[in-house]
Amino acid sequence: MAYITLRDVQLAFGGPSLLDGANFNLERGERVCLIGRNGEGKSTLLKLIEGSLLPDRGEVSIQNGITISMLAQDVPMDSGKVADIVADGAGEAAAVLKAYHEASDACVLGDMEACDRMGNLQHKLDQVDGWALETKVNSILSKMGLDPDADLSDLSGGRKRRVLLARALLTQPDVLLLDEPTNHLDVESIEWLEKFLLDQNNLTLLFISHDRSFVDSIATRIVELDRGTLRSYEGNYSRYLDLKAQQMEAEEKQNALFDKRLAEEEVWIRQGIKARRTRNEGRVRALKDLREESKARRSQQGKVSMATQEANRSGKLVFDIEHLSVAFGNQEPIIKDFSALVLRGDRIGLVGDNGVGKTTLIKAILGEIEHGGTVKTGTQLEVAYFDQLRNALDLEKSVKDNVSEGSDFVDVNGGRRHIYSYLQDFLFSPERARTPVKALSGGERNRILLAKLLLKPSNLIVMDEPTNDLDMVTLELLEEMLGGYKGTLLLISHDRAFMDNVVTSTWVFDGKGNIDEYIGGYQDYLEQRPDQTAVDQKSDVKKAIAKAEAAAPKKVKLSYKDQRALEQLPAEIEALEKEQAELNEQLADGSLFVKDADAAAQASQRLAEIDELLLEKLERWDELENLTQGN
């Protein structure tokens with residue numbers, strides 16, 4: 001018998017049914033991923049199974065004796081001792097244990113009344129097996145690498161999720177429900193969660209996730225919630241995509257045949273009595289049935305339509321970063337001595353744990369915060385910034401007013417479009433476009449930010465965690481759009497599949513202020529990174545050093561011409577940079593275009609030439625220095 005069974009379940013909240021005669025089975029030991037578009041009702045389905053919601057019709061059946069625990073999507077901001085929060089999952093025993101610890105702490109400080117309470121609480125703990133609970137709590141916290149005495153408010157988002165997971169697993173449930181468990185987690189925490197879940201023998205999982213790498217690692221079956229119906233697909237996400245494409249093709253053919261038949265019957269009913277000769281009551285009734293079926297048929301929700309508005313091309317050099325460092329107060333630098341060259345068309349991913357300085361680096365490069373070292377910015381840069389904290393949205397205003405800033409029209413690639421028409425590209429109906437942003441889901445808010453971002457002409461897009469809460473279809477369309485973008489991209493994301501499909505190089509933060517660059521996406525970085533185990537063994541280190549020294553190219557003595565070039569290049573670069581600064585100053589306020597349009601045009605052309613020359617000379621300088629150092 002299945003652990004969980006849904007039979008002909010119906011549920012609606014005013015609009016179209018979220019569940020429309022849905023059927024589903026969850027068997028022991030399965031790890032089922034529930035997927036679907038934002039707003040389809042996935043979280044609602046978990047609440048039905050958990051028991052906090054009841055269906056309008058149908059049956060949700062749980063096998064006798066089965067225990068279910070749920071890890072919610074939202075991470076709490078509360079404070080409290082980690083051990084107490086985890087123990088809360090055990091109900092009455094947890095409350096008694098917490099009261100005992102509080103009395104014990106007060107007794108130590110000389111509160112005699114608390115000492116008296118301890119005796120009564122000890123008796124209650126014996127009755128509810130509270131001492132065993134304390135052992136369980138300490139055991140699971142040790143397993144998850146959590147400090148039982150830490151305060152929840154001091155932990156990172158990833159650590160908070162571990163605390164919630166520990167609470168959910170404390171009672172050793174037969175079924176664990178997870179709602180977007182990877183949201184706002186860094187890559188290390190996601191990989192830890194994958195391993196932890198796979199190591200739990202006999203744990204049955206039903207989870208919602210839009211992280212394709214996580215789904216491929218964990219799921220044994222995919223179940224899609226689509227227009228109120230649940231459809232099951234055996235295998236991983238890649239297998240689901242193949243089967244789904246076949247299903248949609250068959251559905252389109254079936255709908256086309258239905259529409260053709262309906263059209264033929266509509267022509268027949270509109271013919272005169274003579275043309276029809278005799279009144280065919282059965283055919284009339286059949287047509288009425290066809291019309292009702294056509295009205296009831298729910299079309300698949302459309303896809304987001306995305307297109308960037310590209311500005312004029314930037315110069316070939318976008319950023320020349322030299323010895324950049326950032327520190328706050330007297331703390332250790334969060335970024336130490338970072339140097340890199342960003343060229344037009346680069347798509348760079350930033351990877352690292354939460355709090356290691358990814359957003360800080362972006363802000364330093366863009367000149368938003370003070371830093372050590374230098375950042376030389378290329379010419380004609382126009383930046384569109386998708387920010388992690390969502391500061392660009394006014395929660396009290398409507399979707400329409402957030403995107404168009406009060407106007408009824410927006411400019412899209414040189415054309416004028418009504419704001420409602422534009423927002424429909426991002427799946428917002430006119431009614432939904434008038435809704436205040438505070439009433440929308442996380443996925444809808446991200447779509448608003450994308451709609452707002454893509455109205456801005458740009459040749460540099462900066463994206464800080466754009467993938468949180470987006471459904472898989474929208475993620476793939478965003479990937480496609482960025483893949484065809486001709487400008488430069490700086491991307492912070494913990495979505496490994498998204499990074500692999502979008503970026504051309506990866507900056508990896510080690511959490512100690514250092515940043516290393518790797519060619520390719522996240523999987524490429526995993527293959528290229530050094531083997532830490534080997535590095536930790538002294539004998540292997542010595543062998544590696546000896547081998548490297550033997551294989552290292554010898555320093556090359558430069559020819560007279562190259563040596564002269566190396567000596568002259570710094571002065572030439574400095575002169576070009578000085579000329580570049582002077583021209584930028586002349587053009588800064590736009591007055592030169594009014595006074596002398598020809599001179600302004602010549603200055604702009606010369607700026608572009610300087611940009612190319614600077615890049616050539618910087619590359620040549622780097623090449624000659626490497627030769628002299630044997631690199």
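In which helix does glutamate 191 lie? Glutamate 191 is placed in helix α7, where helices (H or I, at least four residues) and strands (E, at least two) are DSSP runs numbered from the N terminus. The structure is a predicted model, in which local features need pLDDT of at least 70 and side-chain atom pairs count only at pLDDT 80 or more, while totals for chains, interfaces and linings use all residues. Residues are numbered from 1 along each chain as its sequence is written, and side-chain values use heavy atoms, with hydrogens and water left out.

The predictor's confidence in each residue is expressed as pLDDT, from 0 to 100. The protein averages a pLDDT of 81, and 85% of the residues score at least 70. A contact here means heavy atoms within 4.5 Å.

Glutamate 191 is partly exposed, with a relative accessible area of 29%; buried means under 20% relative accessible area, exposed over 50%, and partly exposed in between (1.4 Å probe, protein chains only). Apart from neighbours within four places in sequence, glutamate 191 is in contact with Arg496 and Tyr522. Between glutamate 191 and serine 217, 26 residues apart in sequence, the C-alpha to C-alpha distance is 9.6 Å. Arg496 also takes part in a network of salt bridges, where it is linked with Glu194 and Asp211.

The structure holds 21 salt bridges, each defined by a side-chain nitrogen of Lys or Arg within 4 Å of a carboxyl oxygen of Asp or Glu. One of them joins arginine 7 to glutamate 59, with the closest N and O atoms 3.2 Å apart. Arginine 7 belongs to strand β1 (residues 4-11) and glutamate 59 to strand β4 (residues 57-62), so this pair ties together parts that are 52 residues apart in sequence. Arginine 7 is partly exposed, at a relative accessible area of 40%, and glutamate 59 likewise counts as partly exposed at 40%. A further salt bridge connects glutamate 577 with lysine 376, the closest N and O atoms being 2.5 Å apart. This pair links distant parts of the chain, 201 residues apart, with glutamate 577 in helix α22 (residues 560-587) and lysine 376 in strand β13 (residues 372-377). Lysine 376 counts as partly exposed at 28% relative accessibility. Aspartate 226 and arginine 231 also form a salt bridge, in which the closest N and O atoms are 3.4 Å apart. Aspartate 226 is buried at 4% relative accessibility, whereas arginine 231 is partly exposed at 27%.

Aromatic rings were examined next. Rings of Phe, Tyr and Trp (its six-membered ring) pair if their centres lie within 6.5 Å; planes under 30 degrees apart count as stacked, over 60 as edge-to-face and the rest as tilted. By this rule the count comes to eight aromatic pairs. The pair of tyrosine 237 and tyrosine 240 is tilted, at 5.4 Å centre to centre and with 35 degrees between the planes. Both residues lie in helix α9 (residues 237-269), three residues apart, about one turn of the helix. Tyrosine 237 is buried, with a relative accessible area of 5%, and tyrosine 240 is buried as well, at 6%. Ring pairs link Tyr233, Tyr237 and Tyr240 into a cluster.

A charge sits over a ring if NZ of Lys or CZ of Arg is within 6 Å of the ring centre and within 35 degrees of the ring normal. Arginine 447 lies over the face of phenylalanine 428, at 5.0 Å from the ring centre.

A nonpolar core is a set of buried Ala, Val, Leu, Ile, Met, Phe, Trp, Tyr and Cys residues joined through side-chain atoms within 4.5 Å. The largest such core has 53 residues, and those with the most contacts inside it are Leu165, Leu176, Leu197 and Phe207. A second, separate core of 42 residues includes Val351, Val410, Ala433 and Leu470.

Backbone angles complete the description. Most residues other than glycine have a negative phi. Glutamate 180, however, has a positive phi near 50 degrees; it lies in the loop between β6 (175-179) and α7 (187-199) and is buried at 4% relative accessibility. Aspartate 337 has a positive phi near 45 degrees and lies in strand β11 (residues 335-343).
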